[in-house]
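Here's a quick briefing to read with the model open beside you. Let's go through the sheet strand by strand, then look at a couple of side chains and the chain as a whole.

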Amino acid sequence: MGKYEVKTKPGELALDDYLATIDPSRAEEAQRIDAILRRVTGQEPRMWGPSMIGYGRYHYRYDSGHEGEAMRIGFAPRKAELVLYVLGVDPADQAEEDALLARLGKHRKGKCCLYVRRLEQVDEGVLEELARLSWRTMARRYPN
């Protein structure tokens with residue numbers, strides 16, 4: 001079997017340059033999310049792949065031997081929805097994440113992703129709390 005190559009890699013495109021290429025209303029929402037994630041992480045954003053905006057990074061290694069680098073948390077301002085990579089806390093923190101999601105507003109949830117159609121449909125303060133919880137989880141899992 002051939003070696004798996006990670007498709008989502010850090011890029012060199014500046015956030016503002018990327019935001020200039022997307023719908024202006026989605027770009028405005030992205031700027032608001034960027035402000036939240038900068039506060040939470042203390043990190044400058046970096047593009048990952050063509051459309052994901054990430055904060056921090058970590059190195060992972062699976063039992064299979066596959067390893068790579070990924071963003072600690074981030075988001076992607078997609079045309080249909082905002083995708084926020086801020087879910088998937090440790091079991092000990094699951095009740096806290098569930099309580100925050102119950103207060104968040106209109107969203108849907110994937111395994112590690114939060115999907116929001118419009119930012120005004122959610123409570124940005126609760127979104128910030130979710131991001132803080134995720135950032136703490138990632139720092140415990142990958143303390144590098």
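**Briefing: the sheet and its surroundings**

Strands β1 and β2 run antiparallel and are joined by 3 bridges. Strands here are DSSP E runs of at least two residues and helices are H or I runs of at least four, both numbered from the N terminus, and two strands count as paired if DSSP finds at least two bridges between them. Keep in mind that this is a predicted model, where local features need pLDDT of at least 70 and side-chain atom pairs count only at pLDDT 80 or more, while totals for chains, interfaces and linings use all residues. Residues are numbered from 1 along each chain as its sequence is written, and side-chain values use heavy atoms, with hydrogens and water left out.

**The sheet**

- Six strands make up an open, antiparallel sheet, in the order β1-β2-β5-β6-β8-β7.
- At the edges sit β1 (46-48) and β7 (108-109), each of which pairs on one side only.
- Strands of a sheet pair through backbone hydrogen bonds, either parallel or antiparallel.

**β1 and β2**

- These two strands form a hairpin with 3 residues between them.
- In that turn, glycine 49 has a positive phi of about 70 degrees.
- Across the pair, methionine 47 stands opposite isoleucine 53 of β2.
- Met52 and Gly54 point one way from β2, Ile53 and Tyr55 point the other way, and all of them are buried; buried means under 20% relative accessible area, exposed means over 50%, and partly exposed lies in between (1.4 Å probe, protein chains only).

- What happens to the residues of strand β5 (residues 73-77)? In this strand 5 of the 5 residues are buried, so β5 is largely enclosed by the rest of the structure.
- Both faces are covered: Ile73, Phe75 and Pro77 are buried on one side, and Gly74 and Ala76 are buried on the other.
- In a regular strand the side chains alternate between the two faces of the sheet.
- On the β2 side, β5 runs antiparallel to β2 (residues 52-55), with 3 bridges joining the two.
- Isoleucine 53 has phenylalanine 75 as its bridge partner in β5.
- β5 also pairs with strand β6 (residues 82-85), again in the antiparallel sense, over 4 bridges.

**Two side chains to click on**

- Leucine 133 is in helix α4 (residues 124-141), and it counts as buried at 1% relative accessibility.
- Leaving aside residues up to four places away in sequence, leucine 133 touches Val89, Asp93, Glu96, Glu97 and Leu100; a contact means heavy atoms within 4.5 Å.
- Leucine 133 and proline 45 are 88 residues apart in sequence, with 18 Å between their C-alpha atoms.
- With residues up to four places away in sequence left out, arginine 108 touches Glu81, Cys113, Leu114 and Tyr115.
- Arginine 108 and valine 83 are 25 residues apart in sequence and 9.8 Å apart in space, C-alpha to C-alpha.

**The chain as a whole**

- The chain has 4 helices and 8 strands, which follow the pattern α-α-β-β-β-β-β-β-α-β-β-α along the sequence.
- A compact globule of 144 residues would have a radius of gyration near 15 Å, and the chain agrees at 15 Å; the radius is taken over C-alpha atoms, and the globule rule is 2.2 Å times the number of residues to the power 0.38.
- Along the principal axes, the C-alpha atoms fill a box of roughly 45 × 40 × 30 Å.
- Of the 144 residues, 46% count as buried.
- Among contacts with a separation of 6 or more, 56% come from residues 24 or more positions apart.
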